[in-house]
Amino acid sequence: RLLAALRDNGVDGAIEVCTRTPGPIAAVLHSGLMRADKGPDAVTKAIESAGVIEMAFLQRSLIWLASITVIAPLLGFLGTVSGMINAFDAIAAADQVSAKVVANGISEALITTEAGLCIAIPVQIAYNWFITKIDKFITEMEAASVEVVDTLVDIEHHRQLGGTGR
């Protein structure tokens, strides 16, 4: 729609399409189109700057998912160490060593490890899903940006050759 509006109605028509279209791709292209009167280099620079801002906006909350993915297994491992310390303390305190003496400590170690992994695994899956979605947006932004700049160059070239140059 944007490219058709750009070809048929010029930059103003394309800006209108961007204004009515929500999302990061439209926002990035809108920034570039606002600089269309300055030439393709200015459009490219505006698109790149807006793209960096949109990427930061899209990724802003992912630090929490990444942190949880790293911290949860570490807390589980901390529980594992604590459980093993308790197991060895029980061994040291016992006159006779039996499985019953160390069972509570080993159980604590395994439960905390399991809890850490049960948290980290789904959070890592969610993190990967969001990264994939963001990468898709970035690829679409890059492709759309190239198409818009190329279309602007074609329109300008057509004007220079004496065409109607919408």
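The protein chain contains 5 helices and 0 strands, in a model that is predicted.

Reader: In what order do the elements of the protein chain run from the N terminus on?

Author: The order is α-α-α-α-α.

Reader: What makes the protein chain more spread out than a compact globule?

Author: The globule rule gives 15 Å for 166 residues, whereas the radius of gyration of the protein chain is 29 Å; this value is well over the rule, so the chain is more spread out than a compact globule. The C-alpha trace spans about 100 × 25 × 20 Å along its principal axes.

Reader: Why is helix 4 called roughly antiparallel to helix 5?

Author: Helix 4, residues 62-93, packs against helix 5, residues 99-160, at an angle of about 170°. Angles over 145 degrees count as roughly antiparallel, and therefore helix 4 is given that description relative to helix 5. The axes of the two helices are 7 Å apart.

Reader: What is the make-up, by class, of the contact of helix 4 with helix 5?

Author: The contact has 22 nonpolar residues, 12 polar residues and 1 charged residue.

Reader: Why is Gly 76 called buried?

Author: Gly 76, which lies in helix 4, has a relative accessible area of 4%. The term buried applies under 20%, so Gly 76 is buried.

Reader: Which residues does Gly 76 touch, not counting residues up to four places away in sequence?

Author: Gly 76 touches Thr 112, Thr 113 and Gly 116.

Reader: How do you know whether Leu 75 is buried or exposed?

Author: Leu 75 is likewise found in helix 4, and its relative accessible area is 54%. A residue is exposed over 50%, so Leu 75 is exposed.

Reader: What separates the C-alpha atoms of Leu 75 and Ala 115?

Author: A distance of 8.9 Å separates them, with the two residues 40 residues apart along the chain.

How values were computed: Residues numbered from 1 in each chain as written. Predicted model: local features only at pLDDT ≥ 70, side-chain atom pairs only at ≥ 80, totals over all residues. Heavy atoms only, no water. Axes fitted to C-alpha atoms, helices over the stretch in contact; angles between N-to-C directions. Helix = DSSP H or I, 4+ residues; strand = E, 2+ residues; numbered from the N terminus. Parallel < 35°, antiparallel > 145°, perpendicular 65-115°, else oblique. Nonpolar A, V, L, I, M, F, W, Y, C, P; charged D, E, K, R; others polar. Rg over C-alpha atoms; globule rule 2.2 N^0.38 Å. Buried < 20%, exposed > 50% of the residue type's maximum accessible area, 1.4 Å probe, protein only. Contact = heavy atoms within 4.5 Å.
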